Amino acid sequence: MFKIEYLIYIYMTLCACMMVFNIIYMIFTSSTEKSKNKSKNAIIKKINAQLNLVENGLKVSIRHKQYLYKKLKRTYNLLIFEYALDLQAEDTVAKYIKEIQIIFNDLAIYYEKSDGIKKAYFAYIIDKYRIMENTKSSILVNTMYQFLKEDSIYCRDNSFKAIINSSNITYIIEALKILNKLEYYYYPDVIFKGLIQFKGNSEELGNRLWKEFEKLNTQIKIAIVRYANKLKLDYKEEFYKTAIKEETEEEVKIEIIKYFGENYYELAQKLLIEFTKEKGIRNQKIIIESAKALKKYNNQATKEALKMLMKRTDWEIKEAASESLSAISTSYYELADIYNGEDELARRILKYKMQNYKTKYKNIESEVG
């Protein structure tokens, strides 16, 4: 017959085993933590020693490069590497990176065989410290091209930024061609934010981007137009010819409309007015953005086009039109037909926008004067 004492003995034995396990685990963890800290401090110490040499105009030793190559194969040590460099002055780090740049060619070959997360972090390091800047190594460049094809969006994003920071326009164009062939959806913002990191000749990059424009997908085209708009590059004639083509994608037309809302182009006014006459829900965004862009074109034709939009039933179109009217029509008499009209919604939106605009204008005046 089973006795209760046996159950107690079993329970006590289990408790004793758990206690022994916890003690062993704590000793092991403590030992591992001490070992990690010792290794971390050793790496930081060696890097700092070489940084001091660089700061004093001396060269990094070959032995240190060999040591780094061996250590940086571990992603954890890449974290330590980043930590050590972040504590130093930027100009010293830049000189140090230039000295050790060659080891990243071999590391690129190693990390090309790693998983997506490790690749993403390696590409991040290449980007952060501009390791590809002025590089003559086809190994590192080709590795970043390969990383663009990875499933991980972080890997693709980091490698694209690293290529941008190479300051080599040929590499950038090739990277965009690779992205263009991929089936992945690539957000225009990711490409745009990458392009504006470019530190080289923006006009030269713009010219090369335009040569490839028609061959690229919608997302990349949008990013290129945003890039031209952000840097105020003069592509008015080219974008105008693109916008009037029926086959041009709606999203690209919208970005071009925004470009003309920031960059005055006389021929664009007629086009923008024509866009405001579009019908149907499909073209609603084009109508709205055209209405907003027209505030850059202050004349009677623009005012009449915007007043026609105030008769539309869609409140978003009314809002966009009233915003531009508020910016270019300060006279009550110019807008009397809306204020005194039967469309109550149009009247309310216009009054609200006009009041907001005047308040904003007064605040700017008080700040300036």
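Mentor: S324 has its place in helix α18 (residues 315–328), where helices are DSSP runs of H or I with at least four residues, numbered from the N terminus. This is a predicted model, in which local features need pLDDT of at least 70 and side-chain atom pairs count only at pLDDT 80 or more, while totals for chains, interfaces and linings use all residues. Residues are numbered from 1 along each chain as its sequence is written, and side-chain values use heavy atoms, leaving out hydrogens and water.

Trainee: Is S324 buried or exposed?
Mentor: S324 counts as buried because its relative accessibility is 1%, and buried means under 20% relative accessible area with a 1.4 Å probe, protein chains only.

Trainee: What does S324 touch?
Mentor: Not counting residues up to four places away in sequence, S324 touches A291, K292, K295 and L306, a contact being heavy atoms within 4.5 Å. The S324 side chain also reaches the backbone oxygen of A291 at 2.5 Å.

Trainee: Now the core: which residues touch the most other members?
Mentor: In the largest nonpolar core, which has 108 residues, these are F81, Y96, F104, F122 and F260; such a core is a set of buried Ala, Val, Leu, Ile, Met, Phe, Trp, Tyr and Cys residues joined through side-chain atoms within 4.5 Å. Helix α9 (residues 169–181) gives the largest share of this core, eight residues.

Trainee: And what is F122 in contact with?
Mentor: Leaving aside neighbours within four places in sequence, F122 is in contact with L78, F104, L107, A108, Y111, M144 and F147.

Definitions and conventions:
Buried < 20%, exposed > 50% of the residue type's maximum accessible area, 1.4 Å probe, protein only. Helix = DSSP H or I, 4+ residues; strand = E, 2+ residues; numbered from the N terminus. Polar contact = N/O pair within 3.5 Å; in protein donor to acceptor, adjacent residues only side chain to side chain.
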